[in-house]
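Me: I would like to go through the terms used for this structure and see what each one rests on.

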Amino acid sequence: MFRIHFPFFDPFKPVLPLAAACGLGHQAPAEGVSARRFEKLNSEGGMSFQAAAIQEAQVVFYPHCFDASDDAKRCAELAREHDLPCVFVKHGDDPGDLQIDYGTIFYESLFASRRKENEHVIPPFVDDPLETTEAPPAIREKNARPLVGFCGFTGSPLAFPVYRAIRPEKLTGLLLRRRAIRALRRSKECDTAFILRRQYWGGALGLTERRMKAIAAKLFGTSSTGLDLRRNLETEARVHHEFVRNILETDYTLCVRGAGNYSYRFYEVLAAGRIPVFVNTDCELPFADRIDWKRHCVWVEEKSLERIGDAVAAFHASISPARFRDLQRENRQLYETYFTPVNYYRTVLGELVREPIAKR
C-alpha cells in the first residue's frame, strides 16, 4: 500500500486519475469508448494507493496537471521539507519545458535529447482494445509478406495553412504520417491496409470548445465560434471499432507522433498484442532501462523514413514464425505489466519510495 499525500487540492480544477481514485475531486461521467479507461484504477486502486496526511505519507503527489503555478512550487517545498519524493504529471502534447526545484516530472511528450535528469515519460493511459472485442483475438500467423496497417487522422491539405499558422506542431505530425504512408505504399516488400481520416476521430469528437475559442481568437479576434461542438457517440463507436479491427487484422501498425512528440497509438498496439512500426522522432520511451524496445517493434529513425518499407521487410524476414507469435504475446504482456494505470503507478511509486534521498 502506497500512502500518498495530495497537497494543494483545488476542487475547481480537474484532478489526475490517481488522485481521483484516492477520493479527491470528481471525474466527469464516463461515456463513449473511453468509459472503462480508469475502471480498474478506481475499483482496485484502493488496494494499492491511499491518500494520507503528510506525517504518514511515503510520497507527495501534486493532484493536478503540472504547471508553473505557486501551488506546484509549494508542493515541491513541502515534499523537500519532509524528505519525501515528489511527483508531478503533465499529460498532453506540450513538451517537457517546465521546471521545478525539487521532484520528478512525468511528461507524455518529451524530446530525448532535451530531457533533464528529473524528467521521465509517462505513457498515455489507453483504452484496452481487447475489452471492446467480442472474443479474444487470435494470434496471427506469419505470412511471407508483412501486412502493415494504419487507421487514423492524416488531415486535409485545405486545413494545413491553418495548422501552420496556429498549431505548427500538429502539422509536423500530420506531414510525418503522410510521408510514412506514402513510403509504405510505394514499397514492393510490404502489403498495406490503410484507413485515412480527414477529420480527427472521423469527426465524431469535433473540436473542444477550448480549442475552437483559441482558433477563433487567433483568426478572427473573437472567442465566438458559432459551431456545433456536440459529441457523436454513434460515430465514435463505429470509428473506434474500425480502428481496433485494423490493428487486430494486420501484422504491424504504423505509429508516428501527433501534435506531441509521442505516439498514443503505440501503446494501443501493444495492448492489442500486435507489433508497432515506431518512427523515432527523438522520442523518449518509458522503462528504457529494462525494456529493449527494438526487440518489441520495428524501429525506424525519422531520417530513414523513406526506407520504412525496407525496415519492416527486414524485421519480418529476421524472425521465425514461432518468434512472430511469441512477440505478439510479449507485447500484450508488456502492456499488462507496465502500462495499465494501476501497474504503472505501482512500479513508478515503488522506485521513487526506494530511491535514496540524495537523488530526489
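Burial, cysteines and strands

Me: Why is Cys65 called partly exposed?
Reply: Cys65 has a relative accessible area of 30%. Buried means under 20%, exposed over 50%, and partly exposed in between (1.4 Å probe, protein chains only), so Cys65 counts as partly exposed. This is a predicted model, where local features need pLDDT of at least 70, side-chain atom pairs count only at pLDDT 80 or more, and totals for chains, interfaces and linings use all residues. Residues are numbered from 1 along each chain as its sequence is written, and side-chain values use heavy atoms, leaving out hydrogens and water.

Me: What makes Cys255 buried or exposed?
Reply: The relative accessible area of Cys255 is 0%, so Cys255 is buried.

Me: How do you know how many disulfides the structure holds?
Reply: A disulfide is a pair of cysteine sulfur atoms within 2.5 Å, and the structure holds zero. For Cys65, the nearest cysteine sulfur is that of Cys75, 13 Å away. For Cys255, the nearest is that of Cys297, at 8.3 Å.

Me: What makes β1 and β2 a pair?
Reply: Strands are DSSP runs (E, at least two residues; helices are H or I, at least four), numbered from the N terminus. Two strands pair if DSSP finds at least two bridges between them. Strand β1 (residues 2-5) and strand β2 (residues 49-51) run parallel and are joined by three bridges, with Ile4 opposite Ala51.

Me: Which residue of β3 is the bridge partner of His5?
Reply: The partner is Val60. β1 and β3 (residues 59-61) pair in the parallel sense over two bridges.
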